[in-house]
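Please read them beside the coordinates.

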Amino acid sequence: MSKLQIEKTRCKGCGYCIEVCPKKALSFSGEISDQGYDTVKVDDALCIQCGACYRVCPDYVFEII
Amino acid sequence: MAEVRLPKRIMNSGGWCQGCGHGVVVRLIAEVLDELGVADKAIAVEDVACGSMSMSGVLNCDAIMAAHGRPIPVANGAKGARPDSIVYAHLGDGSAYSIGSAELVHTALRGDNMTVIVVNNTVYGMTGGQMAPTTLPAEKTASSPKGKDADRYGVLNVVDLIGKLNATYIARGEIYDVASTAKTKAMIKKAFQNQIDNKGFSLVEVLAPCPTNLHMTPVQCKEFVHTEATKFFPLGEFVDK
């Protein structure tokens, strides 16, 4: 079973993925990265691995593996 | 569900600002180069501006950095010296339509065989958000703090500038959501395919957000580009020979 992988060190917290997620599975985690950005987290129970977040992310945070 | 992996040519995320559209455009280029099987012989010609950050450990591809506004003639020279390479110029709207407009016009006039990817975010990004020819009427920038006077300065649409010259393909896309990003990728793919088929000059403009210089949150800026910029820069394929 594939799963959404999040590379948090790359995330800049723009929120595009949260806007585009059809299942509202993504949200801000409150964890601040080394660069000072609020990073995203996924609720695996809601995620359907559609890849929408991958397609809009400018910082290559997501992969489905 | 099928696996979704980043193109092998993408090594890391870039140093772009939060919400910058360049990252998506570079990923689309990397995907297209992989799909067409030309990544090994691709040469990127970058502008001295935000787009050039794809050279700093992001896209694993041969690259040249041209002087500001001059990626198009440098790419033209690279293509002339290495005709078997797939050469593309990746630059911004200020570079392509203002500083490098003479080079753009004459390359399109000659119909030289190359691919140009222009990221239009309606401002000069790297230099601090000054007004560009593509800045929208009444849009506030660092050098038009009361809003752009469009009667005085105009708004430049690239299709009006080079649409009747000898370009093979001119298209404009956006990266607002999944569907529009997929359409933009298809445009970029066609622009590269034209070069492989020796068909001539192809230009794809991508409307992209610049939240830092437009002083908006990334999501607000993306919405602004989608609703306001598309009024002056309609999407679609304008020249397709």
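1. Conventions. This is a predicted model, in which local features need pLDDT of at least 70 and side-chain atom pairs count only at pLDDT 80 or more, while totals for chains, interfaces and linings use all residues. Residues are numbered from 1 along each chain as its sequence is written, chains are lettered from A and ligands numbered from 1 in the order in which they are written, and side-chain values use heavy atoms, with hydrogens and water left out.

2. Extent of the interface. Contact means heavy atoms within 4.5 Å; on that basis 32 residues of chain B are in contact with 25 residues of chain A. The two chains bury about 2400 Å² between them, 57% of it on carbon and sulfur atoms. Buried area is the accessible area (1.4 Å probe) that two parts lose on being put together, summed over both.

3. Polar side of the interface. Between chain B and chain A there are 14 residue pairs in polar contact, both residues at pLDDT 80 or more. A polar contact is a pair of N or O atoms within 3.5 Å; within protein, one must be able to donate a hydrogen and the other to accept it, and residues adjacent in sequence count only if both atoms are side-chain atoms. The count of salt bridges between the chains is zero. A salt bridge here is a side-chain nitrogen of Lys or Arg within 4 Å of a carboxyl oxygen of Asp or Glu.

4. Where chain B contributes. On the side of chain B that touches chain A, the elements giving two or more residues are α1, α7 (178-196) and α9 (218-232) of chain B. The largest share, five residues, comes from α1(B). Helices (H or I, at least four residues) and strands (E, at least two) are DSSP runs, numbered from the N terminus. By type, this side of chain B divides into 18 nonpolar, eight polar and six charged residues. Ala, Val, Leu, Ile, Met, Phe, Trp, Tyr, Cys and Pro count as nonpolar, Asp, Glu, Lys and Arg as charged, and the others, Gly among them, as polar.

5. Nonpolar cores. A nonpolar core is a set of buried Ala, Val, Leu, Ile, Met, Phe, Trp, Tyr and Cys residues joined through side-chain atoms within 4.5 Å. Buried means under 20% relative accessible area, exposed over 50%, and partly exposed in between (1.4 Å probe, protein chains only). The largest core has 51 residues, and A:F62 and B:F192 have the most contacts inside it. Helix α1 (residues 22-36) of chain B supplies the largest share of this core, eight residues. A second, separate core of 24 residues includes B:A66, B:L91, B:Y97 and B:L203. Leaving out residues up to four places away in sequence, A:F62 touches residues including A:L4, A:L26, A:Y54 and B:L6.

6. Shared partners join B:R27, B:E31, B:E35, B:K185 and B:K189 into one network. Are B:K185 and B:E31 buried or exposed? Both are buried, with B:E31 at a relative accessible area of 11%; B:R27 is also buried, at 1%.

7. Salt bridge in chain A. The side chains of A:K8 and A:E31 meet in a salt bridge at 3.5 Å, N to O. A:K8 is in the loop between β1 (4-6) and α1 (16-20) of chain A, and A:E31 is in strand β2 of chain A, 23 residues apart. A:K8 is partly exposed at 27% relative accessible area, and A:E31 is partly exposed at 46%.

8. Two loop residues. A:Q35 is in the loop between β2 (26-32) and β3 (38-42) of chain A and counts as partly exposed at 47% relative accessibility. Beyond four places in sequence, A:Q35 is in contact with A:T9, A:C11 and A:K12. B:T168, in the loop between α6 (158-162) and β7 (169-174) of chain B, counts as buried at 6% relative accessibility. The side chain of B:T168 reaches the backbone oxygen of B:K199 at 2.7 Å.
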